[in-house]
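Hi,

Here is the model I said I would pass on. Have a look at it first, and then read my notes below.

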Amino acid sequence: MHRLDRVVLSVFVLSGLAFGLTGCSGGATAQQTASSPPNWFLSPDEAYSESRYLTAVSSASTAQAAQDKAFGNLARIFEADIQASQALREEYEEVQRGGNVTQSQQDTRMITRSDIRSNQKLLNSEVLEQQQVGDTYYAMVGMERQETVSIYTEEIETNRRKIKDYRATAQQTENPITRLAFLQKALVFAKVNDRLVTQRNIVAGGAAPSTGASPVTALEKSVREAQAACPVVVQAASDDIPSSIVDQVGATLETAGFRVVASPEEAILEARVKYNERPALESRDQEFLRWTLAIELTDRTIQQTLETFTTEQRAGAMSEAALKRRAHNGARRAVENDFSTFLNQTLLNINQ
């Protein structure tokens, strides 16, 4: 993978790292003994000038664990300043890869787990020092500031060109849904760039060159206007579908920014709801059923199905009435949570 691709992928996993910062104290003056930590561990800024390197240290009972914790501590430097959302990370992956995340991509992220593996390191970072003292392993990791800032700057400029192209395409298309899709893509890249700029400034010590004003606010306004131009009608595929599930689909669409209308003739987008239940394995003490929910999204201007959201789950309860309630509640939760994410992914994959 080209190292420029690693830059943006590293942005969206900054939140949720559960690493503890360990012994980064500088200024220790105790004389080194056979059992003392290395001097570079006690005073990292003296070993690697802060003006040239961004560093973090850690110790553990194994060499690999010491490296992993040090990389986690380096990530926390960014985490303290950037609250990148998991939702945005998922949106960006959809933009870039159409939903397919390769192993090489996974290897270059700052993983949101406490056990970062040796091949899951931060952008342009490396192990600078490692030493065993007694039963303890010490590690220092870091990134050279000037080179890393150059990588960030190049990727920021690449993303700015993408934003410009997406906005231009949105203006040229006559299809309201396609227009909305390209504006959504531009907005995601604009948010990505805001975080890249913040990260770059952290690496540069707050003295990185400016890339101009952020277009996020203007794009958010454009997306809202495009959504208003795409009214949605929610229709049940059959009369026996619980109204509470159909109503939840409408509420989720409205929460996402769409305007839900009652008349199909007014709608640009149609959400057709299908729901069914069938008996599942029964036991002596409980009743079970398996329910399936599908929501088909159709562009009514061209009468073309975009995507279909589907989910299936199993429910169990002591009585038939309780079983029905549990199944319907599960379907509504799926609409509220999973269908909302699906909406963004569908739009971002249009004309991929």
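What follows is a run through what turned up, starting with the whole chain and ending with single residues.

First, the ground rules. This is a predicted model, so to speak of local features I needed pLDDT of at least 70, and side-chain atom pairs count only at pLDDT 80 or more, while totals for chains, interfaces and linings use all residues. Residues are numbered from 1 along each chain as its sequence is written, and side-chain values use heavy atoms, with hydrogens and water left out.

**The chain overall**

There are 11 helices and eight strands in the chain. Both are DSSP runs numbered from the N terminus, with helices being H or I of at least four residues and strands being E of at least two. The chain has 352 residues, and 46% of them count as buried. Buried means under 20% relative accessible area, exposed means over 50%, and partly exposed is in between, with a 1.4 Å probe and protein chains only. Taking contacts (heavy atoms within 4.5 Å) between residues at least 6 apart in sequence, 71% join residues at least 24 apart.

Two strands count as paired if DSSP finds at least two bridges between them. On that basis there is an open sheet of five strands, in the order β5-β4-β6-β7-β8, with mixed pairing. β5 and β8 are at the edges with a single partner strand each, so one side of each has no neighbour in the sheet. β6 and β7 are antiparallel and share 11 bridges, and E277 has W291 in β7 as its bridge partner. β7 also runs antiparallel to β8 (residues 304-317), this time over 13 bridges, and there L297 sits opposite E307 of β8.

The hairpin of β7 and β8 has four residues between the strands. One of the things to check there is Q303, in the loop between β7 and β8: its phi is positive, about 50°, even though Q303 is not a glycine. Most residues other than glycine have a negative phi. Q303 has 57% relative accessibility, so it counts as exposed.

**Helix α10**

α10 covers residues 243-255, so 13 residues, and spans 18 Å from its first C-alpha to its last, close to the 18 Å expected at 1.5 Å a residue (the expected span is 1.5 Å times one less than the number of residues). Which residues of α10 are buried? They are I245, V246, Q248, V249, G250, T252 and L253. Their cover includes β4 (232-236), β5 (260-261), β6 (269-279), β7 (287-299) and α11 (320-349). After α10 comes G257, with a positive phi near 110°.

β2 (residues 125-133) and β3 (residues 136-144) are antiparallel and joined by eight bridges. Q130 is opposite A139 in β3. Two residues lie between the strands of this hairpin, and G134 takes a positive phi near 65°.

Q67 belongs to helix α4 (residues 63-79). Its relative accessible area is 16%, so Q67 is buried. Leaving aside residues up to four places away in sequence, Q67 touches V127, Q130, A139 and V141. The C-alpha atoms of Q67 and E126 are 9.5 Å apart, with 59 residues separating the two along the chain.

**Aromatic rings**

Rings of Phe, Tyr and Trp (its six-membered ring) pair if their centres lie within 6.5 Å; planes under 30 degrees apart are stacked, over 60 edge-to-face, and the rest tilted. That gives nine aromatic pairs. W40 and F41 have ring centres 6.4 Å apart and planes at 75°, so they are edge-to-face, and both are buried. Y48 and Y53 are also edge-to-face, because their centres are 5.3 Å apart and their planes at 80°; both of these are buried too. W40, F41 and Y138 form a cluster through ring pairs.

There are charges over rings as well (NZ of Lys or CZ of Arg within 6 Å of the ring centre and within 35 degrees of the ring normal). K185 lies over the face of F182 at 4.7 Å from the ring centre, and R314 lies over the face of F288 at 4.1 Å.

Cheers
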